[in-house]
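Here are a few friendly notes to read with the model open beside you. Please follow them in order, starting with a helix and ending with the sheet.

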Amino acid sequence: MQAVAAIKFTVYGEPVAQGRPRFAVVGGHARAYDPKKSRDYKDYVRLAASEHAPASLLDGPLSMEIKVFRPIPKSFSKRKTADAELGLIRPVTKPDADNYLKGIKDALKNVIWKDDSQIVEVLVTKWYGARPCVEVTIKPI
């Protein structure tokens, strides 16, 4: 495997979790497809990642860390907002952390790595942040 340092990039804007697939009948056959919001977000992640893509696609086992920064609810008091920014309050609402992971992994196939199966270690965390975004770190193992 090529010696590659960690690849780190940030996807700015409100994070979008992978939506449930939608179905349509085309030519008498059922066809599954991504909802528009998920499809658009994957395109955006691909664009952000392409600026940090290695010269050739990574092969071998990879570790991935994803930090999801959700917007702080407007209903939070000033104190609660400050606690959220310090990481003392964490989002425990939907969507689930693994749904963010699914969309990002799909988007990075053929941009950073050859296949999702190369991801053998994952850490996904949800936080509140004044500036919503997703921070992605990928390391060869």
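Predicted model: local features only at pLDDT ≥ 70, side-chain atom pairs only at ≥ 80, totals over all residues.

1. Which residues of α3 are buried? They are Asn99, Tyr100, Leu101, Gly103, Ile104, Lys105, Ala107 and Leu108. Their cover includes β1 (7–12), α1 (36–50), β4 (62–71), β5 (119–129) and β6 (133–140). As background, an α-helix has 3.6 residues a turn, so residues three or four places apart point the same way.

2. Do have a look at the loops on either side. Pro95 sits in the loop between α2 (78–85) and α3, and the peptide bond joining Lys94 to Pro95 is cis, with omega about 5 degrees. After α3 comes Asn110, in the loop between α3 and β5. Phi of Asn110 is positive, near 65 degrees, although the residue is not glycine. Asn110 counts as exposed because its relative accessibility is 53%, the cut-off being over 50%. For context, most residues other than glycine have a negative phi, and most peptide bonds are trans.

3. Now the sheet: four strands form an open, mixed sheet in the order β1-β6-β4-β5. β1 and β5 are the edge strands, each with a single partner, so one side of each has no neighbour in the sheet. Neighbouring strands are turned by 15 degrees against each other on average, direction ignored.

4. β1 and β6 pair antiparallel over six bridges, and Phe9 has Val136 in β6 as its bridge partner. α3 packs on this sheet, touching β1, β4, β5 and β6, and its direction makes about 120 degrees with that of β4.

How values were computed
Residues numbered from 1 in each chain as written. Heavy atoms only, no water. Buried < 20%, exposed > 50% of the residue type's maximum accessible area, 1.4 Å probe, protein only. Helix = DSSP H or I, 4+ residues; strand = E, 2+ residues; numbered from the N terminus. Contact = heavy atoms within 4.5 Å. Pairing = 2+ DSSP bridges. Axes fitted to C-alpha atoms, helices over the stretch in contact; angles between N-to-C directions.
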